[in-house]
Amino acid sequence: MANIDLHFHSTASDGALAPDEVIRRAAEREAKLVALTDHDCLAGLALARQAALDVGLPFLNGVEASVTWGTRNQTVHIVGLGIDPDDHALVSGLASVRDGRVSRAREMADDLARIGIPGAFEGAMAVCDNPEMIGRTHFARFLVNSGEVKDVRTVFRKYLTPGKPGYVPHQWAALADVVGWIRGAGGIAVIAHPGRYDLGRTLTDRLVTEFKEAGGQAIEVASGSHSLDDMHKYALLAQRYDLWSSAGSDFHAPGEGCRDVGRTDDLPPICRPVWEHLSDRIVKR
Ligand code: AMP
Ligand code: MN
Ligand code: MN
Ligand code: MN
């Protein structure tokens, strides 16, 4: 196990712990370097950074931006590491990505009401700290808390995913825009959890090629949503495309998902760790 975790969430998006709490949890688990990467949102970074300074945990500003890519309108997530959270284009770009989450949530709730689950909008909002960041995880937690479904994983199997009740297609940002905002803010763009996209070889190659053309430089090889097979497959892909490798738990909440914050697998030896290129961006004191 490595102690470097460059992908996890707080209550600023769909995590269950406040930004300072999740940092203290990472420190307790002996993390050596962390990046908070909330979805489409930088609001948790100041509190997280201060908490990291307080406990002496090296910290990177991060974000996980939502992208709609390709002819199949696939949702792809791009992590930005070492960004300047005050960069104008990044701040306004992310605001435009957040825009539309509330109306999407209303449509999701209407869809659920049609199959006999009323009150989902209010229920999801009640477990969401940052209303403009309302998303599927908040709906999932509402469905679990109300006794409708036994756990979050089951919610996503039965609801909220393409073809299932409560799923509302959404247009996120363009890949080249997101990579451009991250690079413009001095950060490194990383393809998040590639093992989750189910793209096949040809589309994966196309995604990586477009990502690199836009200025993308790294890919998550160790991820809480990867199997060991995935990790080795994407280590080879990183080598083939000359990309740096990242590692992140994708932690959201205690007991949800399989990885705790601060815990990631060691990168295979063929990988070139992305953090070796971020040393001047690490906040230490
Ligand atoms: P949204 O940005 O509102 O579409 O929500 C995306 C979030 O939903 C992801 O970041 C995950 O936290 C969660 N999610 C999506 N698919 C799954 C899944 N199969 N199991 C658990 N959580 C999921
Ligand atoms: Mn999430
Ligand atoms: Mn993601
Ligand atoms: Mn994530």
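How far apart are the manganese ion (ligand 4) and the manganese ion (ligand 2)? They are 4.7 Å apart.

This is a predicted model, where local features need pLDDT of at least 70, side-chain atom pairs count only at pLDDT 80 or more, and totals for chains, interfaces and linings use all residues. Residues are numbered from 1 along each chain as written, chains are lettered from A and ligands numbered from 1 in written order, and side-chain values use heavy atoms, without hydrogens and water.

**View 1. Protein donors of the manganese ion (ligand 4).** H7 (NE2), H9 (NE2), E64 (OE) and D250 (OD) lie 2.1 to 2.2 Å from the ion. Donors are N, O and S atoms within 2.8 Å of the metal (3.2 Å for Na, K and Ca); water is not among the atoms, so sites may look incomplete. Along the chain, the spacing is H-x1-H-x54-E-x185-D.

**View 2. H9 and D250, 241 residues apart.** H9 sits in the loop between β1 (4-5) and α1 (19-28). D250 sits in the segment after β7 (244-248). Helices (H or I, at least four residues) and strands (E, at least two) are DSSP runs, numbered from the N terminus. H9 is buried, at 0% relative accessible area. D250 is buried too, at 11%. Buried means under 20%, exposed over 50%, partly exposed in between (1.4 Å probe, protein chains only).

**View 3. Protein donors of the manganese ion (ligand 3).** E64 (OE), H77 (ND1) and H193 (NE2) lie 2.1 to 2.2 Å from the ion. H77 is in strand β4 (residues 74-81). H193 is in the loop between β5 (188-191) and α9 (200-213). H77 is buried at 15% relative accessibility, and H193 at 2%.
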